[in-house]
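Subject: Model handover

Hello,

Please find the model below, with its sequence. My notes come after it.

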Amino acid sequence: MYYSCHYLGADSQLARAVVLGNLPICVRLPYIYFEARQEPVGVRYMAGRVVAVRVVVALIVLAVAITFLKPFDSGAQKGPLTKSSLNLKGVLLYHRYTSYSAWDSNLWMMDLTTGALAQVNKNWTSVLSPMNAHFSADGKSMVFMGSQSGLVENDWDVFISHWDGGTWAEPINLTGLNGKRDEDPKFSPNGETVIYKENGVLATMGIDGSSKTYLTVGKPESSMPYFAKNGKDILFERNNLIMLLKDGQEKTLWAQEGLNAYYPIGMDDERYLFTQVQASRHDRLMIGYYDGREAQPLFFNSDTWDTSDPYPYEDGKRYIFYVSGDVSVIQGGYNLMVADLKNKVVASMGIMNPEANSNLEELGPAWSANGKFPKN
Ligand SMILES: [Ca+2]
Ligand SMILES: [Ca+2]
């Protein structure tokens, strides 16, 4: 088995043909020739064949590596988050104030596709200091707490605003001037019910304020209710513990001696987010599990500043929004942040728009895939 390779050029001594399967190929590496030239033709053939097989095997390994390793490589990108790498959709809603008791809160929203910002309550006249807003699932309504404007003594009430096709309409007061503290409203997943807190008692009502139903009458103060994804169970806080109201029965979901927790937010069928006060007295974020597995702290918590107000993007498997006093953010006070849980990197929402955060307090993020964003 010896083939000439004249077509490789005049110096055919430097080329030898070998057979791989039924296909003659030429190997033009000088050392093959010099190693093989004192051997019988059969050995020359074998030497060429071994090298050829090695080359083919190396090419196959390279092809496999390129095919299968490339996705892992691109997914493992760990550079800082940027506007283009973040690539989120929907609308983020939040509020900004000097302080809770200053009655100067404004609602803001960001179109996450463009980074555009809009002050939601810019043209409203009937509400003072709207805060802690939450979208309905269809993104066409929002509930929040605030006080009716023009009162001698302000009174926390729950309001709803509906999208009118171009802007967020003047809000409707769902709890009225009742002299009670009406706070912490959140929609049910189907958007038909609002859960909130009236003078420390959890209650539900229709989105027109009808059919008020009280859930924790005679129980200790109950706060920050949030519907679980199944639309039936209710997460809430009581006595610094995370509680669950399920089938009319209350149970403690999370408790640890000496540590306080609050602000539970449902994620998916298995998990919820909550805030926990650390021994350093700074808040940190945790992921809890309905089945009793031990809650896990998130990677970006700090003993130096507070981390609170979590809200999942989609089901929260990849990204969550939150609030922090991270001193590396140039704006002061609390600021809106986003965390990439996969690559373990965080960024100020200032990467989307430099005006997203300010030297005031930015708090209470809530996200919707369908949230309506005002035109102009
Ligand atoms: Ca009230
Ligand atoms: Ca700030």
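This is a predicted model: local features need pLDDT of at least 70, side-chain atom pairs count only at pLDDT 80 or more; totals for chains, interfaces and linings use all residues.

Residues are numbered from 1 along each chain as its sequence is written, and chains are lettered from A and ligands numbered from 1 in the order in which they are written.

The chain has three helices and 26 strands; these are DSSP runs numbered from the N terminus (helices H or I, at least four residues; strands E, at least two). Of its 376 residues, 37% are buried (20 or more other C-beta atoms within 10 Å of the residue's own, with C-beta atoms placed from the backbone). Contacts are pairs with C-beta atoms, placed from the backbone, within 7 Å. Among those between residues at least 6 apart in sequence, 43% join residues at least 24 apart.

The largest nonpolar core contains 74 residues; such a core is a set of buried Ala, Val, Leu, Ile, Met, Phe, Trp, Tyr and Cys residues joined through C-beta atoms within 7 Å. Leu92, Leu93, Val143 and Phe321 have the most contacts inside it. Beyond its neighbours within four places in sequence, Phe321 touches Leu92, Tyr311, Tyr313, Leu336, Val338, Pro365 and Trp367 by the contact criterion.

Tyr263 is in strand β18 (residues 261–266) and is buried, with 21 other C-beta atoms within 10 Å. Asp309 is in strand β22 (residues 307–312) and counts as buried because 25 other C-beta atoms lie within 10 Å.

Regards

Key:
A residue is buried if 20 or more other C-beta atoms lie within 10 Å of its own, exposed if 12 or fewer, and partly exposed in between; C-beta atoms are placed from the backbone. Two residues are in contact if their C-beta atoms, placed from the backbone, lie within 7 Å.
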